Amino acid sequence: SHQLKTPLAALRLYMDIMAEEPDNPETVRRFTDRSLQSIDRMESLILSLLKITRLDTGSITFELHSYPVEELMQKSSKDLSIRAEQEGKHLILEGDPTDTLTCDADWLTEAFGNLIKNALDHTDTGGTIRVSWKKSPAILRILVADNGCGIPPEDIHHVFKRFYRGKQDRHTQGIGLGLPLAKSVIEGQGGTLSVQSIPGKGTTFTASFLTEM
């Protein structure tokens, strides 16, 4: 409710401003744009909450099929690669193009999209986000690594908690649901998600999946 309260209050303020200056097209345009941003934020929050609730209640049945990992990562990063280019950041995908993973591609695409977005949020211009994967006889590991600001030691044990916002998040957009949702999706498909970070040097999220022997 607190997360919804802020954009709702902003939306009411923007409506009041436009009501006072209906004949000023520049004011109307500017605050219409801001209103749409608040609506997008609320919509994103509500959709994320619905998805997490469905995962919690076990009402989602994952449709598992063999899927090329490279194609999965390309799909996860497709829209975000445009953002990376606009922000002057390097988004790199690397791994064996023949590797496959049995998974629900739609849900896993969203999970890794959240991890990549998180990396972009915490990496400065000129930084690098590297998405890599490697398959052994027993395990497939997919890593999302960045050379950004890193996570303070006091925050790293809380990053998967819902709505948690650490010190490094005060200047970034977000509501604290992307990482919890990614973890729930990955664990729901038999994987694990862990994080390692060095403040000032970067962060690596590692998703591990058992493979068929």
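## Helix packing and sheet order in a predicted model

Helix α4 and helix α6 pass each other in a left-handed crossing, a term for a near helix turned anticlockwise from the far one by less than a right angle (right-handed if clockwise). This is a predicted model, in which local features need pLDDT of at least 70 and side-chain atom pairs count only at pLDDT 80 or more, while totals for chains, interfaces and linings use all residues. Residues are numbered from 1 along each chain as its sequence is written, and side-chain values use heavy atoms, with hydrogens and water left out.

**Overall layout**

- The protein chain holds six helices and seven strands; these are DSSP runs numbered from the N terminus, helices being H or I with at least four residues and strands E with at least two.
- Along the sequence the pattern reads α-α-β-α-β-β-α-β-β-α-α-β-β.
- The C-alpha trace spans about 70 × 40 × 35 Å along its principal axes.

**Helix-helix packing**

- The axes of α4 (residues 105-121) and α6 come within 9 Å and cross at roughly 145 degrees; axes are lines fitted to C-alpha atoms, for helices over the stretch in contact, and angles run from 0 to 180 degrees between N-to-C directions.
- On the α4 side the contact is made by W107, L108, E110, A111, F112, N114, L115 and N118, and on the α6 side by G178, L179, L181, A182, V185 and I186, where contact means heavy atoms within 4.5 Å.
- The axes of α2 and α6 come within 10 Å, crossing at roughly 35 degrees, and this crossing is also left-handed.
- K51, I52 and L55 of α2 meet L181, S184 and V185 of α6.

**Sheet**

- Five strands form an open sheet with mixed pairing, in the order β2-β4-β5-β7-β6; two strands pair if DSSP finds at least two bridges between them.
- β2 (90-94) and β6 (192-198) stand at the edges with a single partner strand each, so one side of each has no neighbour in the sheet.
- From one strand to the next, the twist averages 15 degrees.
- β2 and β4 run parallel and are joined by five bridges, with L91 partnered by I129 in β4.
- β4 and β5 run antiparallel, joined by seven bridges; S132 stands opposite L143 in β5, and a hairpin connects the two strands through three residues.
- β6 pairs with β7 (residues 202-210) in the antiparallel sense over seven bridges, and T192 has S208 in β7 as its bridge partner.

**Helices on the sheet**

- Helix α3 (residues 69-86) lies across β2, β4 (128-135) and β5 (139-146), at about 175 degrees to β2.
- Helix α6 (residues 178-188) packs on the sheet and touches β6 and β7, its direction making about 140 degrees with that of β6.

**Charged pairs and surface**

- The count of salt bridges comes to 10, each a side-chain nitrogen of Lys or Arg within 4 Å of a carboxyl oxygen of Asp or Glu.
- One of them joins the side chains of E110 and K51 (2.7 Å, N to O); E110 lies in α4 and K51 in α2, 59 residues apart.
- I46, L47 and L50 make a nonpolar surface patch of about 260 Å², and L50 is found in α2 (residues 25-57).
- Patch residues have over 30% relative accessible area and no salt bridge, with like charges joined within 9 Å and nonpolar side chains (Val, Leu, Ile, Met, Phe, Trp, Tyr) within 5 Å.
- Accessible areas come from the Shrake-Rupley method with a 1.4 Å probe, and for residues only the protein chains shown count as cover.
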